[in-house]
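Here is a short report on one protein chain. Look over the sequence and the fold before reading on.

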Amino acid sequence: MDYQKEFNANKEQWNARVEGHVASKMYDVPGFKKGDTSLKKIELKGLGDLTGKRVLHLQCHFGLDTMSLSRMGAKAVGLDISDTAIDQARQLNQELGLDAEFICSNVYDIREHLPTKEKFDMVFVSYGALCWLPDLEAWADIVSDYLKEKGTFYMVEMHPFIYTLNWTSFIPEYSYYNKGVYEEKVEGSYAGDVPLNLTEYFWVHSISEMLNPLLKRGFTLETFEEYDYQTYNCFDNMIERAEGEFIFKDIKVDVPYLIELKLTK
């Protein structure tokens with residue numbers, strides 16, 4: 001796998017997002033410091049009782065969800081490619097007296113930083129993670145390597161249908177299936193006024209591309225749900241149709257925004 005140029009560029013633009021995201025209304029760090037959870041209603045219901053469980057959170061950004069898992073009683077480890085984000089996560093974790101741990105690494109390099117003998121009760125992935133990964137077969141190997149037998153993989157992720165759309169015209173512009181890398185200039189962030197003007201690289205994966213690598217490794221599908229709303233107001237021109245449920249105001253039919261998957265090893 002030779003995507004070092006793409007990974008380096010993505011690391012640069014995620015580093016550039018951190019300061020603005022920490023200050024943003026969307027992430028609400030002041031509320032989090034007061035005890036609010038960053039987790040949304042879908043995953044709060046789906047995660048179940050985490051008391052005493054070891055949870056590995058892949059692609060954790062600056063760690064709010066990881067620390068929320070810790071507050072739920074888990075022994076949580078978060079990993080992210082952005083060293084700026086991990087520095088921020090560690091700072092917040094220490095400030096709040098939480099016991100989450102954080103690793104700075106590309107997902108594909110995790111074995112260089114965390115021995116595979118370290119086993120977890122759950123691997124957790126949330127919101128906008130898989131589009132940064134070119135190879136979900138190698139990703140599934142990592143998920144399997146770090147899960148205990150009978151362990152749980154749990155993910156709430158952007159539905160791949162949303163990634164096919166031009167978010168201004170709502171006309172499909174990207175392949176639903178992984179046809180290779182897309183390169184785009186990104187000027188701002190989904191979390192507010194964060195000027196970037198940097199290049200990002202991403203991949204679109206169908207639902208079968210998400211599921212089949214895990215099923216091939218013997219995982220059993222427990223939950224498969226699609227949701228006709230987004231839990232974050234993270235795109236332009238969204239309205240809140242009900243508390244915590246955001247939809248594009250210019251799309252007049254129900255479309256899938258999120259997918260929830262739970263599988264057992």
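Helices (H or I, at least four residues) and strands (E, at least two) are DSSP runs, numbered from the N terminus. The model is predicted: local features need pLDDT of at least 70, side-chain atom pairs count only at pLDDT 80 or more, and totals for chains, interfaces and linings use all residues. Residues are numbered from 1 along each chain as its sequence is written, and side-chain values use heavy atoms, with hydrogens and water left out.

**The chain as a whole**

The chain holds eight helices and eleven strands. Its radius of gyration (taken over C-alpha atoms) is 18 Å, close to the 18 Å from the globule rule (2.2 Å times the number of residues to the power 0.38) for 265 residues, so the chain is as compact as a globular protein of that length. Along the principal axes, the C-alpha atoms fill a box of roughly 45 × 45 × 40 Å.

Of the 265 residues, 54% are buried. Buried means under 20% relative accessible area, exposed over 50%, and partly exposed in between (1.4 Å probe, protein chains only). Contact means heavy atoms within 4.5 Å. Among contacts between residues at least 6 apart in sequence, 71% join residues at least 24 apart.

| Residue | Loop between | Relative accessible area |
|---|---|---|
| Tyr127 | strand 4 (120-126) and helix 6 (136-146) | 13% |
| Phe170 | helix 7 (160-163) and strand 6 (182-186) | 15% |
| Ser206 | strand 7 (198-202) and helix 8 (207-216) | 0% |

Tyr127 has a positive phi of about 50 degrees, although it is not a glycine. Phe170 is another residue other than glycine with a positive phi, near 65 degrees. What does Ser206 touch? Not counting residues up to four places away in sequence, Ser206 touches Pro160, Tyr176 and Tyr177.

**Cysteines**

A disulfide is a pair of cysteine sulfur atoms within 2.5 Å. By this rule the count is zero. Cys104 is partly exposed, with a relative accessible area of 24%. The sulfur of Cys234 is 11 Å from its closest cysteine sulfur, in Cys131, again too far for a bond. Cys234 is buried, at 8% relative accessible area.
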